[in-house]
Every structure is written in C-alpha cells, then in structure tokens.
Amino acid sequence: MNFDFSDDSKLLREQAQRFLREQCPPKTVRHVLEGHAPYSPDLWRAMAGMGWLGAAVPERYDGAGLGYEALCVLAEELGRVLAPVPFASTVYLAAEAILAAGSEAQKREYLPRIVRGELIATLALAEGAGEPREAGVRARLSDGRVTGSKWPVPDGSIAQLAVVVAQDATGLALALVDLTAPGVIRAVLPMVDPSRDHAKIEFDNAPATPLGAPGQGWETVRRLLDRAAVLTAFEQVGGAGASLEMATAYAKERFAFGRPIGSFQAIKHKLADVYVATELARSNAYYAAWALSADAAELPLAAATARVSATDAFFVAAKENIQVHGGAGFTWDYDCHLFYRRAKLLALSLGSQRYWKDRVVAELETRNAA
Amino acid sequence: MNFDFSDDSKLLREQAQRFLREQCPPKTVRHVLEGHAPYSPDLWRAMAGMGWLGAAVPERYDGAGLGYEALCVLAEELGRVLAPVPFASTVYLAAEAILAAGSEAQKREYLPRIVRGELIATLALAEGAGEPREAGVRARLSDGRVTGSKWPVPDGSIAQLAVVVAQDATGLALALVDLTAPGVIRAVLPMVDPSRDHAKIEFDNAPATPLGAPGQGWETVRRLLDRAAVLTAFEQVGGAGASLEMATAYAKERFAFGRPIGSFQAIKHKLADVYVATELARSNAYYAAWALSADAAELPLAAATARVSATDAFFVAAKENIQVHGGAGFTWDYDCHLFYRRAKLLALSLGSQRYWKDRVVAELETRNAA
Amino acid sequence: MDFDDTPEEAAFRAEARAFLGSHATRKQRSSGALRYGDTDAAEVERAKAWQAKKADAGFAGITWQKAWGGRGGTQMQQIIWNQEEAEYEVPHNVFLIGLGMCIPTMIAYAGAEQLQRYVRPALRGEEIWCQLFSEPAAGSDVAGLRTRAEKRGDEWVINGQKIWTSGAHYSDYGLLLTRSDPGVQKHAGLTAFFIDMRAPGVEVRPIHQMSGASNFNEVFFTDLRVPDSQRLGTPGQGWKVAITTLMNERLAVGEIRRPDLQDLIELARSVELDGRPAIADPSVRGRIADWHAKSQGLTYTRLRILTALSRGTTPGPENSIAKVVNAAKLQDIASFGMDLLGMAGGVMDPELVPMHAMFQDALLSSPSHRIAGGTDEILRNIIAERVLGLPGDVRVDKDVAFNQLPSGSR
Amino acid sequence: MDFDDTPEEAAFRAEARAFLGSHATRKQRSSGALRYGDTDAAEVERAKAWQAKKADAGFAGITWQKAWGGRGGTQMQQIIWNQEEAEYEVPHNVFLIGLGMCIPTMIAYAGAEQLQRYVRPALRGEEIWCQLFSEPAAGSDVAGLRTRAEKRGDEWVINGQKIWTSGAHYSDYGLLLTRSDPGVQKHAGLTAFFIDMRAPGVEVRPIHQMSGASNFNEVFFTDLRVPDSQRLGTPGQGWKVAITTLMNERLAVGEIRRPDLQDLIELARSVELDGRPAIADPSVRGRIADWHAKSQGLTYTRLRILTALSRGTTPGPENSIAKVVNAAKLQDIASFGMDLLGMAGGVMDPELVPMHAMFQDALLSSPSHRIAGGTDEILRNIIAERVLGLPGDVRVDKDVAFNQLPSGSR
C-alpha cells in the first residue's frame with residue numbers, strides 16, 4: 001500500500017510547476033478572459049511540445065504513455081494556474097472517447113494529431129439546461145448526418161472536431177463531426193468564466209462518422225463522464241489549493257487594527273475550514289486517481305466522490321478568498337474572481353452536484369445490495 | 001400597523017416571567033427529567049389558578065377569552081423555562097380540536113374542566129415513524145369503537161382524554177376517547193427529552209365518541225397542526241432565547257488565556273449567528289401570532305414559516321450553548337442538555353422540518369398560482 | 001399587533017398611491033434583463049427630476065422637520081411610502097448616502113448658515129453628497145486611514161486617497177475624514193470636513209469590479225485646499241463625527257436585490273430535473289423554504305425595529321442582521337439557481353438562459369455585498385458586542401501613536 | 001499510488017487475520033443495541049486479557065522497539081493490524097492514552113530503571129495509565145491549571161483538582177501536570193510527575209454526562225505525596241513535558257463511531273417518506289453523498305498521513321482535520337436520522353425505533369465529541385496556525401505572572 005504519488009509523478013509535478021509559472025502567469029489567463037483570444041495558442045503549443053497532450057495516450061498512437069496518474073498531476077497544475085487552453089475538452093473528453101469507443105483506424109487518424117497539438121477536439125453532449133441523462137439527448141443521427149442543437153460545448157468555437165452524442169435508430173450513439181464542415185453553425189457563448197471558450201453549435205444534417213459500434217448506449221457516456229470527473233477533480237483541487245494559498249498569504253500581509261488580519265479567529269477559522277475541505281477533496285481525488293489508473297471496479301464511486309468533494313472545495317475556497325481580500329477581492333484587477341469564475345464553471349461543466357451526488361448514492365446502493 | 005405585542009400582552013409576559021421564575025426553576029424540570037414524576041402537578045395547578053389554561057378559551061366556556069396573542073406570550077415564557085407540564089397537548093391540541101370541531105355540548109362538557117386544570121387531554125395522531133399525512137393514519141373507527149396503535153402520544157400516560165385521529169367509513173375522523181376506559185393500554189415511552197411525558201397507546205375497540213361531523217377529512221387535522229405550530233414556535237423561540245442568554249452569560253464570565261472567552265471571535269460570531277437565527281424566528285413567530293389572532297388567510301404560510309424558523313433557531317441555540325460551555329456543557333449537572341433535549345423534541349413533535357418546509361412551498365405555490 | 005393600516009395610515013397610503021399612480025409606472029416583474037450596471041449621467045438626471053417631484057409633493061424627507069423642507073411626518077408614513085414606491089419603476093436612488101448619512105452629520109456639526117445653504121438643495125436632489133471615509137489600508141479598520149490634512153493658515157491642505165466611494169463621480173459634495181495628527185493614538189488624530197467634489201485637487205476614478213460594473217470610485221486628493229470653515233467638529237474630533245455619520249446609516253431600504261425568492265420559484269417551476277419541474281423536488285423545496293423563512297424573518301424584523309423607532313427608541317445595530325443574512329443569501333441563491341440549470345448553468349447569454357441570466361449576474365455581483373458597507377465579519381462583531389454585550393477583542397492599536405503601528409505589506 | 005498490499009504486507013495481513021480468526025469473533029453489524037456506556041470492571045478485565053494475548057503474539061506495540069516488548073515493525077503493519085482488528089469484536093481499548101501518550105512521555109523523560117519497571121507492564125496491559133492535565137478552570141487553556149505542587153524535602157505535596165480524566169477509575173498510574181510556581185509566567189511555573197493512582201490523597205469521582213454515560217472523571221488531590229524521583233523533567237519544565245505528551249497523541253484509531261454512513265443508508269432504506277423509501281428522496285441522497293464524501297476523504301487523508309509517517313516524517317497537526325469533521329458529522333447524522341422518523345424521531349425505545357435508537361443515543365453523546373480532546377475552536381486554531389502558518393492570536397497571558405492573571409467567575 002502506498003497512498004502517495006510515485007516519484008516520477010512528483011518529478012513531473014515539479015517540472016509542470018516550473019513550466020507553468022513561466023508560460024501561464026495570470027496575464028495569460030486575463031488575455032483570454034478579456035476577450036483578446038478564445039484560448040492561448042502559445043501555451044497550447046508549448047504544452048504539446050512537452051508531450052502533455054498525450055500524457056495518457058498509449059505510445060502506439062504517439063502518446064507518452066505515462067498513464068493516468070501523470071495526467072492527474074498535470075490536471076492539478078493546470079487547474080492551479082487556470083490554464084486557458086482546450087485541455088479538458090480535447091484530452092479528458094474527446095481523446096478519451098476515441099480511445100474508449102473508436103476503431104483502430106480512428107485512433108490512428110485522430111490521436112497522433114491530438115498529441116501533437118494539431119487537433120482541438122471536444123464532446124458535444126449538453127442541449128441546454130439539464131443534467132447529463134439519456135432522455136436529455138434529442139439530437140438525431142441518421143444516414144451519416146447529425147441534426148440538433150448542442151450547448152454549451154466546451155471549446156466549441158475553436159475545436160475542429162467534435163464527438164457528438166445523439167440518438168440513432170439503435171439508441172444512443174457517438175459520432176465524429178468535422179466542425180469546419182457545412183451544416184455546422186457555431187456561436188460563441190458568454191460564460192461565467194470567459195477564460196474558457198464555449199459555444200452553441202447547431203448541427204443541420206452535418207456529416208458524421210459513427211464512433212464505435214452502434215447502440216452502445218448511455219453507459220459509454222456515463223463512463224466517459226466518470227473518467228473526466230476524476231481529471232476535473234484534480235483541476236478543482238489545484239484551483240482550491242491556489243485560492244487557499246492566495247488567501248493565506250494575504251491574511252498574513254494585510255493589517256487591520258494594528259495586526260495581521262490572519263490573527264483574527266474569523267479569518268483563521270474560515271481558512272482552516274477551507275483547508276479541511278481542500279484536503280478532503282485532495283484525498284478523494286488521490287483515491288480516484290488510483291481507481292482510474294488501475295481501471296478498478298471502484299472507479300464510478302471513487303470518481304463521483306472525488307467530484308462532489310472537489311466541487312465543494314474549489315467553490316468555497318474561491319468564494320472565501322474573495323472575502324478574505326475584502327474590498328480588493330471583488331475588483332477586476334485582483335485575481336480572486338478568476339478562481340471564483342472557474343470554480344463555478346467547473347462545478348457545472350460535467351453536470352451539477354445534484355447529478356454527482358445522485359451517482360454517489362446510486363453506487364452505494366448497488367454496493368450495499370451486493 | 002403595529003408590529004409589537006399589545007401593552008396587555010406585555011403585562012401578561014411580565015407577570016408570567018415573575019410567576020415562572022418562582023414556580024418553575026430548573027429543579028422543577030429536573031424532577032420530571034430524572035423520572036420522579038411524569039409532570040409537575042403543582043405547576044399545572046398553579047397555572048390553572050392563573051387562568052392560563054383557558055387563556056384563549058372563550059369566556060362562555062369559563063376561559064379567560066384573552067385571545068391567541070396572550071396564549072403566544074404564555075407559550076414563549078413556558079418554552080423559556082422548559083415547563084414540564086401537559087400544556088401543549090391539552091391546550092394547543094385537545095382544547096383547540098374541541099373548539100374547532102366539537103359540538104356545543106362537547107365544548108360545554110370538556111372545556112371548563114380543561115380550563116380548571118381538572119382534565120389533561122391530548123391528540124393521538126402519530127402511528128410510529130412518519131410525517132403527518134392522511135395515508136399515515138391506519139387506526140380504525142367503527143361502531144363507536146376505535147382500534148389502532150398510536151405513538152408517540154404527548155402526555156399520553158397522564159392524559160385522561162384523547163382526541164384520536166382515525167379512519168372511518170366516510171374518511172378521516174376525529175373521536176374523543178376516555179383513556180381510563182377499558183380497551184386502552186398505555187406504555188410510557190423513553191424520549192430524548194424525558195421532561196415531557198409521551199406514551200404508546202394501544203386502542204383495542206376502545207369506546208369513542210365522534211368529535212364533529214363525520215368525514216371532515218385531513219383538512220381539520222392540518223389546520224389543527226398549523227395552529228399548534230404557531231404556539232410551539234413561541235415555545236421554541238422562548239427556548240432559543242434562554243439558551244442564547246445562558247451561553248452569552250457564560251461567555252462573559254468564563255476566562256481562558258487570560259480573557260473572557262466571549263472576547264474570541266469564534267465565540268462571538270457563533271453567538272451572533274445564534275442571535276440572528278433567534279431574531280428571525282421571533283419575527284416570523286410574531287407575524288404568525290397576528291395571523292392566528294386575526295384568523296387571517298395567511299395563517300397556513302405564516303405558521304409553517306414560523307415553525308421552520310423556530311425549529312432551526314432553537315436547535316442551533318441549544319447545540320451551540322453546549323459548545324460554548326465546553327466540558328461543563330455536556331455534563332448532566334449543567335442545564336445545557338435540558339434545552340438541547342427539548343429543542344429536538346419540539347423539532348419533531350408536530351412533524352419534522354421536511355413536513356413544514358414542504359408546507360411552506362406548497363403555500364407559496366398556491367399563492368403564486370393565484 | 002396589527003398588520004393592517006389605521007385609518008390615518010390608510011389615508012396616507014392612498015395619497016402616496018395617487019401620487020405614484022399619476023407620476024410613475026407600475027413595475028412589471030422580470031420585465032427586462034437585470035444588469036448590475038453603472039449609474040450613468042442620464043440616470044442621475046432622472047433621479048434628480050424624480051427627487052424634486054417627490055420633494056414638491058412632500059414625499060422626500062417624510063420624517064424630516066418642515067424647517068428643512070421635510071414633511072414632519074411619522075416613521076410609519078415613511079414605511080408606507082417605501083412600501084408603495086417599491087412597486088413602481090423609479091430611478092435609482094442616488095441620494096441615500098447624502099440624505100441618510102451626510103446631511104444628518106451636517107445638521108449635527110455644521111453652522112446655521114451652512115445648513116441654510118446645503119440642506120434643502122440636498123433634499124430636493126439638486127446636489128448629491130458622498131462619503132469619503134475608507135482607504136486602501138483602512139477598510140474594516142476605518143480609523144486606520146492615512147489621508148493627511150495639514151493646517152496652513154486658514155486652510156487645510158489635503159493629500160491622500162479614498163476608496164469605495166459610491167457615487168463620487170456624480171456627487172457635488174463629500175464628507176471627508178482625514179488624519180490631522182499622526183503622532184497621537186489613531187482615533188485621536190482625525191479631523192472631518194465637507195468638501196466640494198469639483199474643487200481642483202480632487203480626482204475621481206471608477207473602480208472596475210469583477211461583475212463588470214463600477215459602483216465605486218477611488219478619489220485622489222493632491223494638495224486639495226479646504227477652508228477651515230468647512231471643518232466639522234474640532235480638530236482631532238473626527239472619529240466622533242464619523243460615528244455620528246455611521247450611526248445615522250439608515251435602515252437601508254436598499255436596492256431590491258434580484259434574484260429574490262419569487263425569481264427562484266419562477267425558475268424552479270420552469271426548469272426540469274429528471275423530467276419533472278424542479279420545484280417538485282424535495283431538495284429544492286427545502287432550500288426555497290429556508291430562504292423564504294429568512295426573507296420573511298428579515299421583513300418582520302425590520303417592521304419590528306421600525307415600530308420601535310416610531311415610538312422613539314434610537315436605532316440600534318439590529319439592522320446588521322439584515323445585511324449579514326441578505327448578502328450570503330443572495331450569493332447562495334445565485335449559485336443554487338445556476339445549479340438548477342445543470343450543464344448550462346455557466347452560460348450568461350440572457351437570451352438563452354432562463355430569467356435573463358439574472359442568477360449568473362448575481363453570482364458575480366454578490367461577493368461585493370458580503371464586503372461593501374461592512375464585512376460579514378465586522379457585522380458579526382457588531383452584533384456580538386453591541387447587542388449581546390460580549391467584550392471587545394484585544395486591541396493592540398489603542399495605546400500607541402498612529403505612526404508607530406505596524407502596517408503590513410498589503 | 002497503490003491501494004493494494006505488497007507481498008510483505010499481504011503476508012503480515014494474513015498473519016494478523018489468522019491470529020484474529022482464532023482468538024476473536026468477527027463483527028456483525030448492528031448486532032445489538034449500541035449504548036455509549038461506562039467501561040466496567042469486567043470490560044477492563046477482558047481488555048487486559050486481550051492486550052496480553054496480542055502482546056504475546058507480537059501484535060501490541062507493532063512499531064515499538066523490541067527492547068520495550070514491541071515488534072519492531074513498520075507503520076504500515078500497524079495500519080494493516082488496525083484495519084483487521086476493526087473487523088472483530090474486541091474489548092474496548094483502555095490502553096490508548098497510556099501507550100499513545102503517557103509511556104512515550106516516560107520514555108522521553110524517565111530514568112532507565114523506571115522504564116525497566118513500567119514500560120513492559122503497560123504494553124502487556126497489566127497496568128493502565130491515564131493523563132491528568134485538564135482542570136475546571138483550565139480546559140482549552142491547559143497551561144492555566146492551578147493544581148499546586150509544593151516541594152517538602154524529597155517529596156512534593158499535591159493539592160488540587162483535575163477533570164475530564166478518561167479511565168481514571170481503572171488506571172494504575174497517571175501523568176500529572178501541576179503548578180509549582182504561581183509567581184512566574186503561566187507556562188514557566190509548571191512541573192510534571194507520574195503518580196500512583198492508588199496512593200492515599202487521590203480520589204476519583206465519575207462525571208455524569210448528559211448522555212447518561214460516565215466516560216470521564218474528576219480526580220481530587222488532597223496532600224498527595226509524590227517522591228521527587230517521580231518528577232519528569234526539571235521543575236518549571238512541565239509545559240515542555242506536556243507538549244511531548246500531546247505531540248505523541250497518536251493518530252487516533254478511536255472508537256468506531258456509530259451511526260456511520262452505512263447505518264444511515266440502512267435507515268434511509270427502511271423508513272418511508274410519503275410512501276417511498278427515504279433513500280429515493282433527492283434531499284436525502286444529497287446529504288448521504290455529502291457525508292460519504294467527507295468520510296472517504298478522512299479515510300484517505302489518514303492513509304496519506306500514515307504513508308508519510310511510514311517514510312519517517314513526524315506527525316503534524318493534520319489529524320485535527322479528522323476530529324473537526326467527525327464530531328460535527330456525528331451530531332448532524334444523528335439529528336438527520338431522527339428527522340427521517342418524523343413524529344416518532346424523539347422516541348428512544350430501542351425496541352420500537354429503527355436501528356436500536358442508535359441515532360437518538362448519538363444525539364446525546366455527540367456534543368461531547370465537539371469538546372473533549374480539543375474543542376472545534378481550538379482545533380481550527382491549530383490548523384490555521386500550525387498548518388497554514390497564520391499568526392497566533394494576541395496573547396494577554398504571556399508576560400504576566402500566573403497569579404496576576406484575571407480569571408473570571410466560572
């Protein structure tokens with residue numbers, strides 16, 4: 001038994017931290033947040049150059065084959081700096097979908113391009129308000145064409161390829177759609193966190209290639225969301241950690257009534273509670289990382305548990321970071337709001353707490369029944 | 001407009017406080033709590049002597065006819081001192097049921113005896129676990145006999161008379177049952193708050209007299225619970241206020257690290273939160289008191305709102321009163337636990353928060369639909 | 001206890017309704033996108049026009065003496081007016097701080113001639129006042145301010161910076177708190193003035209908030225010259241003057257905060273969870289009931305306080321309750337409403353998202369409510385100390401000269 | 001990261017299982033009413049017998065040196081043993097405080113001869129130790145204690161009162177902290193001893209808790225004579241000794257707290273809300289998921305800490321997390337479980353109420369968990385100061401002689 005990351009993973013973390021400190025300072029995030037670009041192509045290219053986009057992609061598809069523990073480490077660090085890049089959509093969702101459901105030919109066609117940073121891809125699941133569920137999918141796939149309205153699609157305005165979830169004659173299906181082809185109309189969506197691109201995409205008989213066997217059903221989507229939830233939980237833990245560090249540093253440096261505000265119990269206990277939430281989330285994320293790496297039977301429960309913890313931790317950390325900063329905390333110029341925006345975005349991107357809490361209990365019920 | 005109690009009510013409050021300080025010190029509560037008696041007959045008799053049992057009973061049934069504002073004032077004061085008497089069951093439930101549904105003859109038979117303190121009465125509604133609801137009533141009433149198992153029945157082991165909720169041929173019905181008659185078997189129940197008597201009562205073809213017209217339905221019970229909820233909310237507000245006062249006094253007197261513990265923000269902010277909860281509850285109770293007195297259309301919503309607030313306030317106040325007292329707080333000898341026990345008992349006695357929150361929203365829905 | 005009007009109250013209410021009915025438009029709920037935006041020049045003009053109309057009809061300064069242009073009415077009439085006015089589309093009230101805090105301070109400390117000059121124009125909305133207390137290094141700890149006032153002959157020369165000044169950009173006058181003597185204990189070295197916001201040496205810069213709005217300003221003073229006649233109180237008495245101002249902080253009618261409970265109920269009826277309206281879900285019902293109980297509790301608490309005021313008691317710190325509860329509630333409701341939308345909750349497009357993305361907007365504006373005008377933490381201190389009588393925190397800044405205090409790096 | 005055993009770990013686990021399988025009975029969940037009761041004499045005897053059996057088989061003091069009767073094993077073996085032992089019905093562990101706190105302090109401060117005398121009997125469970133630090137006026141503020149120790153020749157005479165002493169009534173020895181000099185600063189005037197709990201001048205009285213149990217005692221000292229040879233550390237060094245004791249506070253295996261998540265799930269499956277099992281209700285599911293996430297988070301946090309310990313890092317205050325979270329969670333679960341029973345939730349009859357009234361029992365026992373062994377408030381201070389490095393609170397008791405400190409009336 002060993003409940004810590006491997007030495008390799010720790011080295012990777014240090015390397016990632018050094019790299020991101022240089023390549024992704026807050027001004028890189030603000031550049032996207034303030035609308036000057038839909039993402040940071042420089043950072044994206046540099047990440048591809050580091051081999052991160054293929055960290056968990058097997059070597060035979062030009063990936064680094066480092067496995068999911070490595071990917072979790074990267075996710076945490078990217079979450080910590082709020083990296084404004086299409087990593088989650090391309091890597092956690094699209095690449096994972098192709099790996100899980102694609103034919104060998106599809107893997108060989110798309111994965112190497114993803115790894116090299118040449119192909120931004122995403123998953124088009126949501127169709128407006130609602131939690132992830134089979135009955136929520138109304139997009140139709142027939143005769144190699146997909147029709148329907150998907151929103152929000154993460155990185156939907158910059159991705160070239162989408163894995164589209166749609167209903168076909170046999171039930172729920174996945175299909176690959178070239179987003180630059182005719183029959184695809186995209187509109188950028190204003191988001192609570194504008195540092196991450198999202199779009200509304202109208203598919204009107206857009207050409208689509210089936211991904212995987214027909215009639216795989218909702219189970220494939222569910223598994224995909226579980227896996228993405230683990231990786232997102234690491235991004236959230238990274239963001240929570242960064243928010244806590246920011247608040248703690250400020251509480252030591254800011255004085256009121258002749259003493260550091262961090263010497264007042266109202267601030268101390270608030271930050272202690274944030275620390276507790278963050279550590280619980282981190283521990284649950286570690287366990288989920290193991291389950292993901294080992295493809296363990298515990299994965300669904302571990303993923304949902306990690307997601308529930310991490311969503312809570314990041315939101316409370318980001319929210320209370322603003323509070324500790326007082327007036328400065330709600331200005332545009334301080335970085336507190338970047339974390340707060342991202343926290344809420346990530347809290348909803350794969351479905352809200354309601355969906356994930358329900359998943360936790362559903363898994364507990366299965367287990368107790370067994 | 002005037003959002004304060006009348007001068008008469010304020011006089012009554014002062015009189016009640018003086019009386020209860022003398023007649024109901026903590027040792028009176030402990031005498032019952034520790035099992036030496038199922039209630040305090042001395043206090044009960046004295047209260048009858050003061051005319052309290054008939055405060056809201058019309059004068060033609062020998063009551064004081066002071067109205068419900070007066071009864072609310074008394075409820076708050078009785079709640080503050082945790083009076084170990086069958087007031088709620090006899091006055092809020094049984095007398096109210098007779099007033100609402102009884103024939104003139106029944107009112108003349110029972111109310112004067114209640115007012116004089118000669119008749120302890122109660123409502124037998126619950127049949128084990130569950131919220132108040134029509135489908136939860138399985139007791140049967142036919143041919144003037146009632147059969148079924150009711151628990152917990154407040155003051156069930158000391159009451160002579162019960163208003164029993166049962167199903168008859170026409171639907172839900174209320175019936176008066178003499179608890180000293182054959183066919184009634186009672187067993188005292190251990191409760192989380194032993195300072196208030198509760199029993200399990202088995203009715204086995206016990207003689208029963210219909211109270212009110214047959215087939216009145218659940219609506220009568222619901223209305224009865226709404227009215228009792230307002231009065232109970234005042235008891236809860238009284239208990240919350242007493243808990244807060246106790247905690248505040250201790251925080252001023254107890255020193256640690258060379259200063260009063262009340263000078264630490266952890267304690268200050270905790271008590272500030274308790275104060276806020278208590279004041280919100282008090283304000284909602286006031287409004288409900290008006291609605292009850294004026295028999296206003298707002299009563300159902302006002303009652304449920306007051307109940308939700310008051311339940312939260314008393315529980316948090318009692319719980320944090322223990323915490324502020326530290327080690328002393330969880331000893332038998334300090335009075336903190338008396339409030340904590342009563343808080344939880346009252347939180348459940350008319351149905352849990354779930355029932356009352358649902359009632360709040362149901363009323364809001366009706367109102368918004370209108 | 002009586003929640004119905006007396007005949008006199010009913011008469012006043014009818015009068016108010018008649019006036020509002022013929023001079024303003026009744027509100028439609030959710031009649032358009034709700035943005036937490038800036039108050040622009042046109043809005044200020046509309047506000048001034050409305051205030052003048054109210055003043056002419058006797059509905060401005062209802063409880064003020066007639067000598068100051070008020071109605072000489074009762075607290076209860078003010079309540080009734082507020083209830084009625086809230087039902088109409090009227091301009092944003094830019095006079096709250098001036099009439100609620102600055103002018104009462106003037107009345108307490110300024111000379112008769114000055115009052116003659118300033119009170120009526122303020123009440124009629126011809127001149128707007130702002131309050132200049134907070135500074136970058138003096139937020140919760142207002143007495144820690146550093147803006148220097150130095151006496152030069154008959155004038156004072158002011159240098160320094162204020163922050164979080166609401167309405168500085170459209171204000172004509174300001175109530176200013178300065179440090180006139182850094183060599184004495186912090187509360188003892190302060191002096192108060194009122195100043196002309198258009199004077200040379202005053203520069204106003206809007207603060208860009210995270211929500212995108214700019215409700216506050218920074219105000220910079222560079223060699224601003226203020227005649228000694230504009231001093232309020234004696235030199236060194238500034239803290240006492242400031243307390244007067246802060247104690248006059250009125251029972252905030254405040255802007256109506258949206259989304260409110262009704263908005264949430266509307267949302268919960270319109271969106272579905274697992275194929276049923278969200279409002280049918282017990283977890284949603286539980287939250288709605290909690291917030292309803294809080295909202296109603298605050299409403300009736302306010303009425304209780306006003307009843308007490310109308311009988312002549314002085315306002316206490318009880319009103320801190322409303323701010324503590326409301327600020328957190330607004331943020332919680334915003335976040336909860338977004339959660340109800342599931343995967344689309346993060347979208348801010350008012351055309352796409354229910355209720356014109358009101359919940360998303362509020363998520364971004366609500367953090368400021370927990371801070372501006374007294375942080376949650378300071379308000380809890382106030383409740384604990386002034387209502388419950390708990391002892392104050394240990395003070396390390398009481399027996400030291402201001403310029404000897406440690407100050408940190410932020 | 002690997003949640004599976006290495007071959008060595010698997011071998012040790014097999015060995016542990018074999019021992020437990022042949023010497024103890026596997027637990028049945030909810031096998032009977034769960035009462036938070038006293039540890040009576042018979043239970044102490046069973047505990048002693050079990051400890052001796054474990055010691056003989058090398059399962060007591062797994063990480064202790066062989067010289068002290070330990071196994072000389074690894075931290076990971078200790079974890080594995082704890083996991084396995086938790087599956088069996090074994091007597092209440094009355095040795096936790098002695099072996100986790102007192103004996104390590106003895107090892108740090110007592111002489112070789114004394115260690116020869118006391119360590120092995122403690123490990124074998126022949127002698128039980130308790131800790132005598134807290135006092136009525138010194139709870140969270142342990143250094144505020146008043147029990148006097150006065151030197152008379154070769155002896156010390158002890159007078160005063162301790163409180164909240166777990167197991168005092170069945171303990172043979174105790175670690176005692178006293179005030180030997182009230183004329184100096186509070187932390188500087190303390191001296192530590194170990195004492196014979198059966199000596200004349202020691203009187204133990206159980207404390208009656210609100211739950212009905214008596215898990216703690218008051219201990220009174222009346223002219224208790226303690227030889228100077230039983231002093232630990234130098235006179236005045238008591239606070240340093242106490243810190244050693246408290247730092248050795250082991251990663252509490254603790255009693256298993258019930259009701260736990262599994263109990264709650266069982267309850268939620270068995271009771272109905274509106275005619276459906278409670279567990280189908282979204283509001284119930286939400287709470288269960290929250291608590292599951294907390295429980296699991298604590299489990300894996302503990303494993304992370306133990307992994308770090310097994311690599312030689314010293315234990316930090318991270319374990320405070322578990323106590324803060326668990327204490328509140330237990331109270332919340334108890335209260336929530338009662339709510340699920342609606343009108344019958346207040347009934348405590350184990351025959352009538354589901355799960356043997358376990359939730360009702362826990363409502364009454366849980367408040368003590370938020371206090372005993374470090375209040376919620378003190379633990380948050382510890383996390384903030386020792387983990388996050390936030391500055392300490394202002395101390396008014398640091399530069400003053402103990403007997404000059406204000407002390408309040410409680």
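Modeller: Begin with contacts: two residues are in contact if their C-beta atoms, placed from the backbone, lie within 7 Å. Please bear in mind that this model is predicted.

Biologist: Among contacts in chain A between residues at least 6 apart in sequence, what percentage join residues at least 24 apart?

Modeller: The share is 75%. The chain holds 11 helices and nine strands. Its radius of gyration is 20 Å, close to the 21 Å that the globule rule gives for 370 residues, so chain A is as compact as a globular protein of that length. Its C-alpha trace spans about 75 × 50 × 40 Å along the principal axes.

Biologist: How many of the 370 residues of chain A count as buried?

Modeller: A residue is buried if 20 or more other C-beta atoms lie within 10 Å of its own. In chain A, 65% of the 370 residues count as buried.

Biologist: Which residues touch the most other members of the largest nonpolar core?

Modeller: They are A:Val164 and B:Val164, in a core of 416 residues. Beyond its neighbours within four places in sequence, A:Val164 has contacts that include A:Ala124, A:Val146, A:Lys150 and A:Phe203.

Biologist: Against what do the buried residues of H10(D) pack?

Modeller: Helix H10 of chain D covers residues 358-369. Of its 12 residues, 12 are buried, so H10(D) is largely enclosed by the rest of the structure. Those buried residues pack against H9 (299-325) and H10 (336-349) of chain B, together with H7 (261-270) and H9 (320-340) of chain D.

Key. Residues are numbered from 1 along each chain as its sequence is written. Chains are lettered from A and ligands numbered from 1 in the order in which they are written. This is a predicted model: local features need pLDDT of at least 70, side-chain atom pairs count only at pLDDT 80 or more; totals for chains, interfaces and linings use all residues. Helices (H or I, at least four residues) and strands (E, at least two) are DSSP runs, numbered from the N terminus. The radius of gyration is taken over C-alpha atoms; the globule rule is 2.2 Å times the number of residues to the power 0.38. A nonpolar core is a set of buried Ala, Val, Leu, Ile, Met, Phe, Trp, Tyr and Cys residues joined through C-beta atoms within 7 Å. The expected span of a helix is 1.5 Å times one less than its number of residues.
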